Amino acid sequence: MRGLAAVFITLLLAGCASEAPVQTPAMYVNMAEPGARLDAAVAASMISQYRQNNGLGAVEVDPDLVKLAEAQSGVMAAKNKLDHDAHAPLAKRLAADGYPASVAVENVSAGYHTLAEAFSGWRDSPPHNANMLKSGVTKLGIAASYAPNTKYKVFWTLILASTGRG
């Protein structure tokens, strides 16, 4: 009987060893690593759930806002400077891109390595939290730029907006 139990345990352990590695959930992916990719859909889901918990509507990923967020994060990373106006004020960036925002707000941050950390930091900061809970916004663009030789390593931009577009 002991021999059978030993064989069974060995087979169980062998089965565990052959399982696929556990993938890190998107909200915990370390953006301070070369090649790390931010999942904008996961960010939109996380922020939408937070908004819905606070009686507000969901937001969806807008590829144009993602590009604008990527540009802002990239400029901040290149300049090693956390600054809403690193490239230009948000209204000017939206206008230059031809983005028809009727409402637009932006959160920037640096130093957070994961989406979960950035979200928590924004939620815990009254002005950033107010932006995430801005009434009427329906679209989102988010980006994180990795700059290994900078103080903060990761620069974040979140743009929330509403347009006349469908």
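Visitor: How much space lies in the largest pocket?
Guide: In this predicted model, the largest pocket holds about 220 Å³ of space.

Visitor: Which residues are closest to its centre?
Guide: The lining of the largest pocket has 15 residues, and those closest to the centre are Met31, Arg37, Leu38, Glu70 and Ala144.

Visitor: And which elements give two or more residues to that lining?
Guide: They are helix α3, residues 63-79, and strand β3, residues 139-146. The largest share comes from β3, with 5 residues.

Visitor: What is the lining like by class?
Guide: The lining of the largest pocket has 10 nonpolar residues, 3 charged residues and 2 polar residues.

Visitor: Let us step back to the whole chain. How many helices and strands are there?
Guide: The chain has 6 helices and 4 strands. Starting at the N terminus, the elements follow the pattern α-α-β-α-α-β-α-α-β-β.

Visitor: What share of the residues counts as buried?
Guide: Of the 166 residues in the chain, 38% count as buried. As for contacts with a separation of 6 or more, 70% are between residues 24 or more positions apart.

Visitor: In what order do the strands stand in the sheet?
Guide: The 4 strands form an open sheet in the order β1-β3-β4-β2, and the pairing is mixed.

Visitor: Which strands stand at the edges?
Guide: The edges are β1, residues 60-61, and β2, residues 101-110. Each of these two has a single partner strand, so one side of each lacks a neighbour in the sheet.

Visitor: How do β1 and β3 run, parallel or antiparallel?
Guide: β1 and β3 run parallel and are joined by 2 bridges. In this pair, Val61 stands opposite Leu140 of β3.

Visitor: And how many bridges join β3 to β4?
Guide: There are 8 bridges between β3 and β4, and these strands run antiparallel. Leu140 stands opposite Leu160 in β4, and Ala143 has Thr157 of β4 as its bridge partner.

Visitor: What about β2 and β4?
Guide: β2 and β4, the latter covering residues 154-163, run antiparallel with 9 bridges between them. Here Val105 has Leu160 of β4 as its bridge partner.

Visitor: How many residues of β4 are buried?
Guide: The count is 10 of the 10 residues, so β4 is largely enclosed by the rest of the structure.

Visitor: Which residues are on each side of β4?
Guide: On one side are Val154, Trp156, Leu158, Leu160 and Ser162, and on the other are Phe155, Thr157, Ile159, Ala161 and Thr163. Both faces are covered, with all of these residues buried. In a regular strand, side chains alternate between the two faces of the sheet.

Visitor: How many residues of β3 are buried?
Guide: In β3, 6 of its 8 residues are buried, and the strand is mostly covered.

Visitor: Which strands does helix α2 lie across?
Guide: Helix α2, residues 40-53, lies across β1, β3 and β4, and runs at about 125 degrees to β3. Helix α3 lies across β1, β2, β3 and β4, and runs at about 30 degrees to β3.

Visitor: Turning to α5, which of its residues are buried?
Guide: Helix α5, residues 115-123, has Leu115, Ala116, Ala118, Phe119, Gly121 and Trp122 as its buried residues. What covers them includes α2, β2, α6 (126-132), β3 and β4.

Visitor: Speaking of α6, is Asn131 buried or exposed?
Guide: Asn131, which is found in helix α6, is buried, with a relative accessible area of 18%. The cut-off for buried is under 20%.

Visitor: Which residues does Asn131 touch?
Guide: Leaving aside residues up to four places away in sequence, Asn131 touches Val105, Glu106, Asn107 and Leu160. Leu160 is also the bridge partner of Val105.

Visitor: One last topic: what is the phi of Asn80?
Guide: Asn80 has a positive phi of about 50 degrees, although it is not a glycine. Asn80 is placed in the loop between α3 and α4, residues 90-96 for the latter. Its relative accessible area is 36%, and Asn80 is partly exposed.

Visitor: And what is the phi of Lys153?
Guide: Lys153, a residue other than glycine, has a positive phi near 75 degrees. Lys153 is in the loop between β3 and β4, and counts as partly exposed at 31% relative accessibility.

Technical notes. Residues are numbered from 1 along each chain as its sequence is written. This is a predicted model: local features need pLDDT of at least 70, side-chain atom pairs count only at pLDDT 80 or more; totals for chains, interfaces and linings use all residues. Side-chain values use heavy atoms; hydrogens and water are left out. On a 1 Å grid over the protein atoms alone, a cavity is a set of points where a 1.4 Å probe fits but cannot get out, and a pocket is an open set with protein on both sides within 12 Å along at least five of seven lines; lining residues have an atom within 4 Å of a point. Grid points are joined across faces, edges and corners, and a volume is the space filled by probe spheres set on the points. Ala, Val, Leu, Ile, Met, Phe, Trp, Tyr, Cys and Pro count as nonpolar, Asp, Glu, Lys and Arg as charged, and the others, Gly among them, as polar. Two strands pair if DSSP finds at least two bridges between them. Contact means heavy atoms within 4.5 Å. Axes are lines fitted to C-alpha atoms, for helices over the stretch in contact, and angles run from 0 to 180 degrees between N-to-C directions. Buried means under 20% relative accessible area, exposed over 50%, partly exposed in between (1.4 Å probe, protein chains only).
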